[in-house]
Amino acid sequence: MELGVCFYPEHWPEMNLLEEFQTMRDMGIQHVRMGEFSWTKLEPTSGCYNFNWLDEAMDAASYCGLKVTLGTPTATPPSWLIQKFPEVLSRDSQGRIRKFGSRRHYCFSNSKYCEESSRILHQIAKRYAFHPALFAWQTDNEYGCHNTVLSYSEAAKEGFQKWLETKYSTIERLNRAWGNIFWSMEFSSFNHIELPNMTVTEANPSHSLDFQRYSSDMVREYNQMQVKILKSYNSEIPIQHNYMGHFTQFDHFDVGQDLDFATWDSYPLGFLEQEPYPEEIKQTYYRTGHPDFAAFHHDLYRAVGRGRFWIMEQQSGPVNWAPVNPIPLQGMIKLWAFEALFHGAEVLSIFRWKQVPFAQEQMHSGLLGVDGKKTKAVEELEEFLRESRQLNISTDAKGPRIALIFDYPSCWIHDLEPKACGFNYFQLIFDFYTVLRELGQNVDIISKEDSFESYQAIFCPALVGINESFIHKVQRSEVKIFAGPRTGSKTKDFRIPHNLGPGVLQDILPMKVSRSESLRHSVKIAVESADFYGHSYREVIETDLDPILSFEDGLGCLFERNSNFYLGSVLNQRGLKEVCRLFLNRTEIETIDLPRGTRTRQLDPYLLMTNYGPEVSLFQPENYARILGNPQLEPGQISVYKKL
């Protein structure tokens, strides 16, 4: 894994670029990302270009042997463009214009913005596609950040109407699919269909789901436009996009189909404070980040990138955008780097080179402070480089035997029809990932469209929409599955299946979900003969199978057939861990119990151990010899072991 850094030469016109780039090289940095927010610098007025500053930066990077990832500047359309074409601005769900003065102020559906983006891309690609420093392109920056996928503009309405006509052909088919006979919501023409916002009460969920699908498709189309232009000048330069953590407003697997690899922006401390974790979790990990947050996204974006991913932005100190912004615990920069390495990252790029003294991110840390002095992060990265060079990491190491399916459409359906306020799709998937890591497992995150052939066990909780091809893949691969709750509970048109949930999964698990209930936050229903409980949501299941576990009131909780499991409730973390352990044991996968905050990641013949927790970890893996780190693993530290 190579190191990179995000650098903005337009912020520092007085810099000696050769000195800066040579300092980067001396630190062991090999990659530099530039340009993704520089439209106004590249084109100060319409049609008047200024590439001199970027030419100088690209040439200096080449002279110093740095590999440049050049970002397209379309996340920040300049003021003159907005004045000339105000219709490119997006509108929020209340119809209000999202004004100029920040970033991501454009609507994906607006054809004029696509034209303007295309024009600047042609200029940039023509100039730099064969520059010796150019190593990769980045399209735009963080699609959807600041809630910008869904736009309720006139362009979005017109585009949505055309998209629906293409999908359904006739308005009668749309009315049937959406169930518009309900509440007299039938349409007589596609051009009568409004966007699903500002209705008296909730809009038809099928209407909202299709608008979500349409909006996701617009992100993909916009990205495809950029990829097509960049590839037309030099098809050999790889293209990526930097996705975000815990972001589900568009289907990343779809967008990733058109890119050469995936990258994502990792801010473990910022996300710990920003996300709705329990206060106990935030207090325990406030200087380390959640033990599974970065790892989860490494595995997710490795799947989105079809086996290839980078971290394009890695937190290097306090950020500026979270509710509180602590300094990382000593050792965490190195720990995050080792974790990225062991998850298969090709490049770890630090955000940013130098802390900027102005504008919105002036309180956001970099490798250098405002005064140009090195921060503590530099020492830890240099230590990472020294230690990691002692390892002979192989990209051919055997992958995990366990997979966890993440499905964006299922997430949208849960968001539109949550059923219970404590039942969140992303959180449920993340909880499964956490308990599997607590049990010492390597986990692949995959799409439901991926092959199942290399896995022994697949977890597909809350995978709402499944079809016959999914069942055939399970049967052909002979993989064992852990399903529920709500798996197979909806059709593609957002209807309850005629044979009830889990729908087509009944071929593997013969049962029917006849009813379901959501539970008040304070309600905890104990599982019989166990010290854990269900909460938030549970299902009434009709089946001839005897439950493995039941609730104290007699309702079945966990069912099994031929080592395939179905869980009919949301369990607390302790309960989820026990049922996952039971399933893995049935599939002959060994588990271990790791101390709080301790995680392992196997990359044959090595085993990485990390300690996110507040206590010293004394765990010692069997049949391994320690080659890096200490036997008593302090908080924020790592050890590496090699198989005997």
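**A walk through the model**

Modeller: Let's start with a helix on a sheet. Helix H16 lies across strands E9 (402-405), E10, E11 (457-460) and E12 (480-483). H16 runs at about 170 degrees to E9. Keep in mind that this is a predicted model.

Biologist: What order do the strands take in that open sheet?
Modeller: The order is E10-E9-E11-E12-E18-E17-E16. That makes 7 strands, and their pairing is mixed.

Biologist: Which strands sit at the edges?
Modeller: E10 (444-446) and E16 (549-550). Each of these pairs on one side only.

Biologist: Take E16. How many bridges does E16 share with E17?
Modeller: There are 2 bridges, and the sense is antiparallel. E17 covers residues 556-561.

Biologist: Which residue of E17 is opposite Ser-550?
Modeller: Gly-556.

Biologist: Back to H16. At what angle does H16 cross H18?
Modeller: Roughly 65 degrees. H16 is residues 425-438, H18 is residues 573-586, and their axes come within 9 Å.

Biologist: Is that crossing left-handed or right-handed?
Modeller: H16 passes H18 in a right-handed way.

Biologist: And which residues make the contact?
Modeller: H16 brings Asp-431, Phe-432, Thr-434, Val-435, Leu-436 and Glu-438. From H18 come Gln-573, Leu-576, Lys-577, Cys-580 and Leu-584.

Biologist: How does that contact split by class?
Modeller: It has 6 nonpolar, 2 polar and 3 charged residues.

Biologist: New topic. Which strand pairs with E13?
Modeller: E15, residues 533-542. E13 (residues 512-518) runs antiparallel to E15, with 6 bridges between them. Within that pair, Val-513 stands opposite Ile-541 of E15.

Biologist: What about E14 and E15?
Modeller: E14 (residues 525-526) and E15 are antiparallel too, joined by 2 bridges. Ala-526 faces Tyr-533 of E15 there.

Biologist: How many residues lie between the strands in that hairpin?
Modeller: 6 residues. Ser-529 in the hairpin takes a positive phi near 60 degrees.

Biologist: How is E19 joined to E15?
Modeller: By 3 bridges, running antiparallel. E19 is residues 569-571.

Biologist: Now the barrel. How many strands close it?
Modeller: 8 strands, in the order E1-E2-E3-E4-E5-E6-E7-E8. Their pairing is parallel.

Biologist: By how much are neighbouring strands turned against each other?
Modeller: By 25 degrees on average, with direction ignored.

Biologist: Last topic: holes. How many cavities of 30 Å³ or more are there?
Modeller: The structure holds 6.

Biologist: What volume does the largest cavity have?
Modeller: About 60 Å³.

Biologist: Which residues line the largest cavity?
Modeller: Lys-448, Glu-449, Gly-465, Ile-466, Asn-467, Ser-469, Phe-470 and Lys-473.

Note on methods
Residues are numbered from 1 along each chain as its sequence is written. This is a predicted model: local features need pLDDT of at least 70, side-chain atom pairs count only at pLDDT 80 or more; totals for chains, interfaces and linings use all residues. Side-chain values use heavy atoms; hydrogens and water are left out. On a 1 Å grid over the protein atoms alone, a cavity is a set of points where a 1.4 Å probe fits but cannot get out, and a pocket is an open set with protein on both sides within 12 Å along at least five of seven lines; lining residues have an atom within 4 Å of a point. Grid points are joined across faces, edges and corners, and a volume is the space filled by probe spheres set on the points. Axes are lines fitted to C-alpha atoms, for helices over the stretch in contact, and angles run from 0 to 180 degrees between N-to-C directions. Helices (H or I, at least four residues) and strands (E, at least two) are DSSP runs, numbered from the N terminus. A crossing is left-handed if the near helix is turned anticlockwise from the far one by less than a right angle, and right-handed if clockwise. Contact means heavy atoms within 4.5 Å. Ala, Val, Leu, Ile, Met, Phe, Trp, Tyr, Cys and Pro count as nonpolar, Asp, Glu, Lys and Arg as charged, and the others, Gly among them, as polar. Two strands pair if DSSP finds at least two bridges between them.
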